[in-house]
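Here is a short tour of one model, written for someone who would rather look at the picture than read tables. Keep the viewer open as you go.

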Amino acid sequence: MDINTAYGNSYSAYTQSVKKNTSETDAAAKTSKMSEAEEMAAFKKEFYADLEKITNHRTVYSWSVNISEKAFENMKADPQYRAKILSLIQRDVGDSYAPRNCAVMITVGAASKDYRADSWPDCNDEEYHARSQNSFYKRDSGKKDRADEINKRYLEKRVQAKKLQEKLLKEDVEKQELEHSRLMKSWYSENK
């Protein structure tokens with residue numbers, strides 16, 4: 001009985017490992033059966049995740065990346081080209097554009113020579129917004145929005161302070177006129 005039980009246990013362990021191995025090969029077969037479009041979509045998601053990890057310099061308030069389909073194909077085929085492009089993007093986005101804040105748009109072509117990075121100061125960023133509308137990747141820091149909000153609150157407070165100052169000045173003028181008229185009355189009454 002002990003021999004059969006031992007044999008039975010090892011047989012069940014063997015069948016479980018065989019089932020596990022066949023399920024692993026089935027999963028591998030499913031991934032190998034991915035279409036070319038699915039593989040490219042997965043590669044783009046992976047590349048997008050890599051772009052998310054890039055940190056920008058504080059003078060770069062907004063940046064975007066335009067990538068051609070041929071560049072994606074080349075990056076997928078050549079990991080060194082992909083690493084080089086990521087390195088160039090990190091360099092250009094992580095660079096200082098002091099003393100101004102700016103927006104950076106990066107264009108990646110099929111070869112390294114087709115790589116290009118352009119920047120616009122925040123006072124002239126309409127062109128950046130027009131060119132970066134259909135970008136593969138775009139990140140806005142919100143600095144400009146926060147600055148606009150802070151300026152709006154500042155202007156509102158300034159208007160309120162000016163109204164308060166005018167009100168206090170008007171009250172002060174009224175008090176001075178009342179005091180002047182009181183003094184004039186008392187002076188007339190003393191002189192009469």
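## A nonpolar patch on the surface

Met184, Trp187 and Tyr188 make up a nonpolar surface patch, with about 320 Å² of accessible area together. Patches take residues with over 30% relative accessible area and no salt bridge, joining like charges within 9 Å and nonpolar side chains (Val, Leu, Ile, Met, Phe, Trp, Tyr) within 5 Å. A salt bridge here is a side-chain nitrogen of Lys or Arg within 4 Å of a carboxyl oxygen of Asp or Glu. Areas are Shrake-Rupley values with a 1.4 Å probe, and for residues only the protein chains shown count as cover.

This is a predicted model, where local features need pLDDT of at least 70, side-chain atom pairs count only at pLDDT 80 or more, and totals for chains, interfaces and linings use all residues. Residues are numbered from 1 along each chain as its sequence is written, and side-chain values use heavy atoms, leaving out hydrogens and water.

Met184 sits in helix H6 (residues 143–191). Its relative accessibility is 31%, so Met184 counts as partly exposed (buried is under 20% relative accessible area, exposed over 50%, partly exposed in between, with a 1.4 Å probe and protein chains only). Helices (H or I, at least four residues) and strands (E, at least two) are DSSP runs, numbered from the N terminus.

## Strand S2 and its partners

Strand S2 (residues 102–108) is mostly covered, with six of its seven residues buried. S2 pairs with strand S1 (residues 60–67) in the parallel sense over seven bridges, and Ser64 has Met105 in S2 as its bridge partner. Pairing takes at least two DSSP bridges between two strands.

With strand S3 (residues 116–121), S2 pairs in the antiparallel sense over six bridges. There, Ala103 has Trp120 in S3 as its bridge partner.

## An aromatic cluster

The whole structure holds four aromatic pairs. The ring centres of Phe43 and Phe47 are 6.4 Å apart and the planes are at 25°, so this pair is stacked. Rings of Phe, Tyr and Trp (its six-membered ring) pair with centres within 6.5 Å; planes under 30 degrees apart are stacked, over 60 edge-to-face, the rest tilted. Both Phe43 and Phe47 lie in helix H2 (residues 36–52), four residues apart, about one turn of the helix. Phe43 is buried at 10% relative accessible area, and Phe47 is buried at 0%.

Phe43 also pairs with Phe72: the ring centres are 6.4 Å apart with planes at 90°, so that pair is edge-to-face. This pair links distant parts of the chain, Phe43 in helix H2 and Phe72 in helix H3 (residues 69–77), 29 residues apart. Phe72 is buried too, at 1% relative accessibility. Phe43, Phe47 and Phe72 form one aromatic cluster.
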